[in-house]
Amino acid sequence: MPRIIVTKLAYDKIYAWTDYCDYEVSCLGVTEFDKERHAYVIHDAFLVKQTVSGASTIMDAEDQARVEYEAGRQYPNLHLTAWIHSHVNMSVLYLTSTGK
């Protein structure tokens, strides 16, 4: 199974957002697959305007489009494919939608 590597830039942003908020937080990450390290690398993270609760987030569609545009401008050779979210006081588990 591939590993997930989070750069310091992305980690610092995600940590700040989740540390600041007492509720669930979602953000989107710019990624690439590094074949040499057999790992998905999250290079940067973008916060989307959202409605949050203790167990869920609803990202604003218009702001998500803005983030997708901005990420594409800043990282034209990478992909906005990571959905990163906190679990506030819940346990963490790894999910995959590809079944691989």
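This is a predicted model: local features need pLDDT of at least 70, side-chain atom pairs count only at pLDDT 80 or more; totals for chains, interfaces and linings use all residues.
Strand 2 (residues 26-34) and strand 3 (residues 39-47) run antiparallel and pair over 8 bridges. Two strands count as paired if DSSP finds at least two bridges between them.

Residues are numbered from 1 along each chain as its sequence is written, and side-chain values use heavy atoms, with hydrogens and water left out.

## The chain as a whole

The chain holds 2 helices and 6 strands. From the N terminus on, the order of elements is β-α-β-β-β-β-α-β. Of the 100 residues in the chain, 30% are buried. Buried means under 20% relative accessible area, exposed means over 50%, and partly exposed lies in between (1.4 Å probe, protein chains only).

The accessible surface of the chain is about 7200 Å², and carbon and sulfur atoms account for 55% of it. Such areas come from the Shrake-Rupley method with a 1.4 Å probe; for residues, only the protein chains shown count as cover. Contact means heavy atoms within 4.5 Å. Among contacts between residues at least 6 apart in sequence, 66% join residues at least 24 apart.

Four strands form an open sheet: it has 4 strands in the order 1-3-2-6, with mixed pairing. Strand 1 and strand 6 are at the edges with a single partner strand each, so one side of each has no neighbour in the sheet. From one strand to the next, the twist averages 40°. Strand 1 pairs with strand 3 in the parallel sense, over 4 bridges. Here Arg3 stands opposite Ala39 of strand 3.

Both helices pack on this sheet. Helix 1 touches strand 1, strand 2, strand 3 and strand 6, and its direction makes about 50° with that of strand 3. Helix 2 touches strand 2, strand 3 and strand 6, and its direction makes about 125° with that of strand 3. Axes are lines fitted to C-alpha atoms, for helices over the stretch in contact; angles run from 0 to 180 degrees between N-to-C directions.

## Strand 2, an enclosed element

Strand 2 also pairs with strand 6 (residues 79-85), in the antiparallel sense over 6 bridges. Leu28 has Trp83 as its bridge partner in strand 6. Strand 2 is largely enclosed by the rest of the structure, because 7 of its 9 residues are buried. Phe33 belongs to strand 2. At 32% relative accessibility, Phe33 is partly exposed.

## Salt bridges

Side chains of opposite charge can pair when their charged atoms come close. The structure has 5 salt bridges. Each is a side-chain nitrogen of Lys or Arg within 4 Å of a carboxyl oxygen of Asp or Glu.

One of them links Lys8 and Asp12, at 2.7 Å from N to O. Both residues lie in helix 1, 4 residues apart, about one turn of the helix. Lys8 is exposed at 60% relative accessible area, and Asp12 is partly exposed at 36%.

In helix 2 (residues 61-74), Arg66 and Asp63 are 3 residues apart, about one turn of the helix. Their side chains meet in a salt bridge of 2.6 Å, N to O. Arg66 is partly exposed at 43%, whereas Asp63 is buried at 14%. Another salt bridge joins Asp34 to Arg37, with the closest N and O atoms 3.0 Å apart. Arg37 is partly exposed, at 41% relative accessible area.
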